[in-house]
Amino acid sequence: MALQNGAFERLQEEYSSIRMENERIRDERLEKVYSEHPEIKEADLKIMDLLTQKAFAALKGNDEKAVDDKIAAAKAEKETLVKAAGVDPSYEDRIYTCPYCKDTGFIVKSDGPAEKCRCFRKRESEILLEQSGMSELLKDNNFSVMRTDIFDEETKDHFVKAVDYCKGYIDSFDTDYRNILFCGTVGTGKSFLSCCIASELLDSYHSVVYMSAKTLFDTLAQAQFSRENLPEISAVRERIYDCDLLIIDDLGTEMTNSFVGTELFTIINERYNSRRSVIISTNLELALLRDRYSDRIFSRITGSYDVLRLYGPDLRNVL
Ligand SMILES: [Zn+2]
């Protein structure tokens, strides 16, 4: 859905470089054939000349038939020369890394708007994953490695319900605006389920930013207080506000102070106003959240977040 911070433009530049490089390789190939077989070069020049004559004939309204015959004869002659020289007849073809979109990134359809090519979507998801900060994390945390055989009946039922909720959340992400607060003690699957959601949404080209609360507030503090105006820090700050899904992991483990309180409220409030989703996981119980932060944060969370309380065995040992 959303490539952020100039990534779309960077991707367009990538395509432009691919096209230029392929053009260079084609020119080199052509040069090589022409230097080794000047007769083929001659034949190509002759065809080009005849094509120009044809264009002029068309412009003047003259009969093109005579030129057409000469072109056909010149092409046949050239084919014989290419065959005799043992040259691959595709020597003058343009080179495309992606044959589907001819290295433009888009497929133009006659009956509708241009569509992103599969190669563009692949690069897009690679960039989204890179920007999410989750490349490593997602390898071991996704639905494909989930196990439910470690639960007893009651906790298993509960976990399966949470999984079903998460799958519904993913399916309706583009149509239902929802936020999640995962509560529960250490290792009950809060981060795991956050990652599962992130993984699926990244696969469907959504931008996701995942940060532990500590990293999130450290980054924001750096953006706020650093004397140097570091572009990469302000880019992260922008992503925190603009991404399709923001995941704040382990809220409550950071050093709490008035800066953290203000920033947390601003993030939650601004993303609420722009209908951009947030998932928060925390070991803190709701009452402790209120004590630790403020009434306004507490009421914003309880008013606009679905609370999923997780319990059960410590999943970190088995997942
Ligand atoms: Zn393509």
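Author: Thr-104 lies in the loop between α3 and β1, where helices (H or I, at least four residues) and strands (E, at least two) are DSSP runs numbered from the N terminus. This is a predicted model, in which local features need pLDDT of at least 70 and side-chain atom pairs count only at pLDDT 80 or more, while totals for chains, interfaces and linings use all residues. Residues are numbered from 1 along each chain as its sequence is written, and side-chain values use heavy atoms, with hydrogens and water left out.

With a relative accessibility of 39%, Thr-104 counts as partly exposed; buried means under 20% relative accessible area, exposed means over 50%, and partly exposed is in between, for a 1.4 Å probe and protein chains only. If neighbours within four places in sequence are left aside, Thr-104 is in contact (heavy atoms within 4.5 Å) with Tyr-15 and Arg-19. Its C-alpha atom is separated by 8.7 Å from that of Phe-120, a residue 16 places away along the chain.

The loop between α3 (65–85) and β1 (106–107) also holds Lys-102, whose phi is near 50°, a positive value in a residue other than glycine. Lys-102 counts as partly exposed, at 46% relative accessibility. Asp-250 is not a glycine either, and has a positive phi of about 60°, but its place is in strand β5 (residues 245–251); at 26% relative accessibility Asp-250 counts as partly exposed.

In helix α3 we find Ala-85, which is partly exposed with a relative accessible area of 24%. Apart from neighbours within four places in sequence, Ala-85 is in contact with His-37, Glu-39 and Ile-40. The C-alpha atoms of Ala-85 and Gly-105, 20 residues apart along the chain, are separated by 36 Å.

Lys-139, in helix α5 (residues 137–140), counts as exposed at 53% relative accessibility, and its C-alpha atom is separated by 61 Å from that of Lys-54, 85 residues away along the chain.

Not counting residues up to four places away in sequence, Ile-248 touches several residues, including Met-211, Leu-216, Leu-264, Val-278 and Ile-280.

Helix α12 (residues 295–304) has Ile-297, Phe-298, Ile-301 and Ser-304 buried. Seen down the axis of α12, its buried residues fall within an arc of 170°, so they line one face of the helix; the arc is that of the directions from the helix axis to the C-beta atoms. Exposed residues Asp-295 and Gly-303 are carried on the face of α12 turned away from its buried side. Among the elements that cover the buried residues of α12 are α10, β3 (179–183) and β6 (277–282).

Helices α10 and α12 pack at an angle of about 30°, with their axes 10 Å apart; axes are lines fitted to C-alpha atoms, for helices over the stretch in contact, and angles run from 0 to 180 degrees between N-to-C directions. Among the residues that meet here are Leu-264, Phe-265 and Ile-268 in α10, and Ile-297, Arg-300 and Ile-301 in α12. By class, this contact of α10 with α12 has six nonpolar, three polar and two charged residues, where Ala, Val, Leu, Ile, Met, Phe, Trp, Tyr, Cys and Pro count as nonpolar, Asp, Glu, Lys and Arg as charged, and the others, Gly among them, as polar.
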